[in-house]
Amino acid sequence: MYSNIFDTHAHYNHRLFDYIRYATLSGMPDLGVSYILNCGSDEDSSFYSAALAEDYDFVFSAAGIHPTSASNLTDGWKERLLELLKHKKVIAVGEIGLDYHYGYTPPELQRKLFAEFMEIANERQLPVVIHDRDAHNDIISLINEYKPKGVVHRFSGSLKMMEQLIDLDMHMGFGCSIAYSKSQPERDAVRMIPIDRLLLETDCPYLPPPDSKYEICRSDMISYAADTIAELRPSYSAQQIIDIATENGKRLFQIG
């Protein structure tokens, strides 16, 4: 069993954890998990994430609006989230970004909200957790404009995009999906990424390991990602990959 795991992107507020949430989280330290960053995707989940962080020493929170939720904002949302960002365990702005895959939200509205959140993050000196789906060019353009610190989670771009993000001092997150048969771009990226820009994540409950007997993912399943990365970068063991990624995450999110 591996130790010192930092899951830098989780959603334990998700309904799939209903009835098992507290049992699951309480068991994480015994499964080698030392830190979890639970990310908000709308106003309610951002506040829920902060509440979870109050209940567990090893859980931290990010507050933000996922791009597919950008059309569902209610009056006063910004003031409420700005107040939430003062919480001592809300250590990042996220999950924010762009998602052009489903067409739920007009791209221009997504870009406006994304820019607004990066301004907030820079003002508060907080890192950002960025969602990017089928929006690579606009993601790079807006990061280049606002130059936040942070991570593009579940990186799925090209090697050229990875190089651009490195030049912009960004990190990239990788999870169990790196072991999927259709994840060759992710594997290509993880072979080449500077080791000090690598973060590990699950995006749980989404994206469990391939051929898993479990229907949902948990933070300890980062071990599958670490095993795969160690196969791709044989100069490191899986535990070394975990330790390096954890130190990268602690440094980025200013933990301890």
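These notes walk through some features of the structure above, point by point.

1. **Before you start.** This is a predicted model, in which local features need pLDDT of at least 70 and side-chain atom pairs count only at pLDDT 80 or more, while totals for chains, interfaces and linings use all residues. Residues are numbered from 1 along each chain as its sequence is written, and side-chain values use heavy atoms, with hydrogens and water left out.

2. **The largest core.** A nonpolar core is a set of buried Ala, Val, Leu, Ile, Met, Phe, Trp, Tyr and Cys residues joined through side-chain atoms within 4.5 Å. Here "buried" means under 20% relative accessible area, "exposed" means over 50%, and "partly exposed" lies in between (1.4 Å probe, protein chains only). The largest core has 73 residues, and those touching the most other members are Tyr12, Ile36, Phe117, Phe155, Leu165 and Phe174. Helix α4 (residues 107-124) supplies the largest share of this core, seven residues. Helices (H or I, at least four residues) and strands (E, at least two) are DSSP runs, numbered from the N terminus. As background, nonpolar side chains in soluble globular proteins tend to be buried together.

3. **Helices α5 and α6.** Helix α5 (residues 136-146) packs with helix α6 (residues 159-167) at an angle of about 15 degrees, and their axes are 11 Å apart. Axes are lines fitted to C-alpha atoms, for helices over the stretch in contact, and angles run from 0 to 180 degrees between N-to-C directions. The two helices α5 and α6 are therefore roughly parallel to each other; angles under 35 degrees count as roughly parallel, over 145 as roughly antiparallel, 65 to 115 as roughly perpendicular and the rest as oblique. On the α5 side, His136, Ile139, Ile140 and Ile143 meet Met161, Gln164 and Leu165 of α6. Sorted by class, this contact of α5 with α6 has five nonpolar, two polar and no charged residues. The classes work like this: Ala, Val, Leu, Ile, Met, Phe, Trp, Tyr, Cys and Pro count as nonpolar, Asp, Glu, Lys and Arg as charged, and the others, Gly among them, as polar.

4. **Helices α8 and α9.** How do the axes of α8 and α9 cross, and within what distance do they come? They cross at roughly 110 degrees and come within 8 Å, so α8 and α9 are roughly perpendicular to each other. Ala226, Asp227, Ile229 and Ala230 of α8 make the contact with Ala238, Ile241 and Ile242 of α9. By class, the contact of α8 with α9 has six nonpolar residues, no polar ones and one charged.

5. **A buried threonine.** Threonine 246 lies in helix α9 and counts as buried, at 1% relative accessibility. Leaving aside neighbours within four places in sequence, threonine 246 is in contact with Asn4, Ile5, Phe6 and Tyr35.

6. **The loop between β8 and α8.** Is arginine 218 buried or exposed? Arginine 218 sits in this loop and is buried, with a relative accessible area of 18%. Beyond residues up to four places away in sequence, arginine 218 touches Tyr12, Thr24, Met28, Thr202 and Cys204. Aspartate 211 is in the loop between β8 and α8 too, but aspartate 211 counts as exposed, at 84% relative accessibility.

7. **Backbone details worth a look.** The peptide bond from cysteine 204 to proline 205 is cis, with omega near 15 degrees, and proline 205 lies in the loop between β8 (198-200) and α8 (222-232). A cis peptide bond also joins glycine 94 and glutamate 95, where omega is about 15 degrees; glutamate 95 belongs to strand β4 (residues 90-99). Aspartate 169, a residue other than glycine, has a positive phi near 65 degrees and is partly exposed, with a relative accessible area of 30%.

Definitions and conventions. Contact = heavy atoms within 4.5 Å.
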